[in-house]
Amino acid sequence: MSKIIAIVGRPNVGKSTLFNRLTQTRRAIVDDTAGTTRDRQYGKVDWCGQEFSIIDTGGWVVNSDDVFEEEINKQVHIAIEEADVILFVVDCTTGVTDLDDKVAAILRRSKKPVIVVANKEDVGNARYNVAEFYSFGLGDPIEVSSANGSGTGELLDEIVKDMPEKEDEDDTEENVAKFAIVGRPNAGKSSLINAFIGEERHIVTDIAGTTRDSIYHRYNKFGFDFYLVDTAGIRKKQKVNEDIEYYSVIRSIRAIESSDVCILMIDATRGIEGQDANIFGLIQRNRKGLVVCVNKWDLVEDKSIEAQRRYEEAIRGRFAPFTDFPILFTSALTKQRIFKVLETAVKVYENRRRTVPTAKLNEYMLEVVAETPPPANKGKYVKIKYVTMLKDAVIPTFVFFCNLPQWVKEPYRRFLENKIRSHWDFHGTPIAIFMREK
């Protein structure tokens, strides 16, 4: 399973720019104004066959009355506590500041692996200030420019250097499904787990997961056999003022990465919130199967079919463009439809492992392509000649061989995906479509 890397440092040292560079995205807002980053960003990085999650945090500020800066400090503390490796970003153009020294002191006490990232080394003579950062006592600083990418390869090499090689699905049995129950706080995750396993604990075998937070519970009654991927409690006993919402996401990262199918819990009494969308994004980026469980349905006044339909439309509209997933309306407290949750999760797992014979795939899809070919580009036509499904891929993956793959755009890929979904049951699981030259 991948590691969690947290980017920390004082404001305006280039943390968000580094996040965008490493994830090859532009999701984090970048501006010269200190304190621009308030909400966290979560991304995936793949380097030399090693994959890890990376978190961008707000700039560290002390002795400030700004309520936003106080919240940012809380989130950085949590990132330090939960991360496996910490990237401490400093600014070569200014050298060591008092605030850098305070952050370094906290990082030294954390006992976590820390990599000092000396950013903006490309500005003027800034690289001559790098030697100052040895005073932190946190090892050799790595010179980078997150703006133009110089040095980021060496940084990624350092991050993955001590990561263990990918193992064969930890200690659990290879062919047993793993379901993670995730969601924001108070959505009913613990109640659902208790409803599944609380009364007959003798059927549960606790197996230590690959991280300190993920624990597998073997569930093997009523004809089912799978692992529930649970996370150790969201709240820490010593902490009372922590950012619980942030904790829920950082813990969800570990649970999601450990699973095959995610059961996303949504509180029916509160509707769809930003945190639900964040966790949905994590599930999508990790390419996991999905079952949406609208919990606490017993507390909603209008339980009509029409109300359910409106709720479903709102969820699919918020999570678009991926909308082919099951939505169930449940109550963990009264155990309403919880058996249906298990049945649906097993079905999604089976869909995730479904294979389509090449002959049947070509028979149907080549006819679809003949009826609706890709749009022409500059008078040239894309001719799709053959399609196959990759074996042993993480998710169902289809490869279309054609003469001009670079001209097949995203709208047509989605058209092909919709046709595949309409003919074969991949409900609840993402699929991937690639174009290759033949």
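Modeller: The protein has 11 helices and 16 strands; helices (H or I, at least four residues) and strands (E, at least two) are DSSP runs, numbered from the N terminus. This is a predicted model, in which local features need pLDDT of at least 70 and side-chain atom pairs count only at pLDDT 80 or more, while totals for chains, interfaces and linings use all residues. Residues are numbered from 1 along each chain as its sequence is written, and side-chain values use heavy atoms, with hydrogens and water left out.

Colleague: Over which residues does pLDDT stay under 50?

Modeller: pLDDT is the predictor's confidence in each residue, from 0 to 100. Where it is low, the predicted coordinates should not be read in detail. Here the mean is 80, and 79% of the residues reach 70 or more. The value stays under 50 over residues 167-172, a stretch with 8 contacts beyond four places in sequence, contact meaning heavy atoms within 4.5 Å. Residues 199-213 are also below 50, and the model gives this stretch 38 contacts beyond near neighbours in sequence.

Colleague: Which residues touch the most other members of the largest nonpolar core?

Modeller: A nonpolar core is a set of buried Ala, Val, Leu, Ile, Met, Phe, Trp, Tyr and Cys residues joined through side-chain atoms within 4.5 Å. Buried means under 20% relative accessible area, exposed over 50%, and partly exposed in between (1.4 Å probe, protein chains only). In this core of 50 residues, Phe 88 and Ile 315 touch the most other members. Leaving aside neighbours within four places in sequence, the contacts of Ile 315 include Ile 266, Val 292 and Phe 325. A second, separate core has 26 residues, among them Ala 177 and Tyr 349.

Colleague: Where does Lys 120 lie, and is that residue buried or partly exposed?

Modeller: Most residues other than glycine have a negative phi, and most peptide bonds are trans. Lys 120 has a positive phi of about 65° and lies in the loop between strand 5 (114-119) and strand 6 (142-143). Its relative accessibility is 22%, so Lys 120 counts as partly exposed. Lys 378, with a positive phi of about 55°, is found in the loop between helix 10 (358-371) and strand 14 (384-389). At 77% relative accessibility, Lys 378 counts as exposed.

Colleague: Which peptide bond is cis?

Modeller: The bond from Ala 320 to Pro 321 is cis, with omega near 15°. Pro 321 is placed in the loop between helix 8 (305-319) and strand 13 (327-329).
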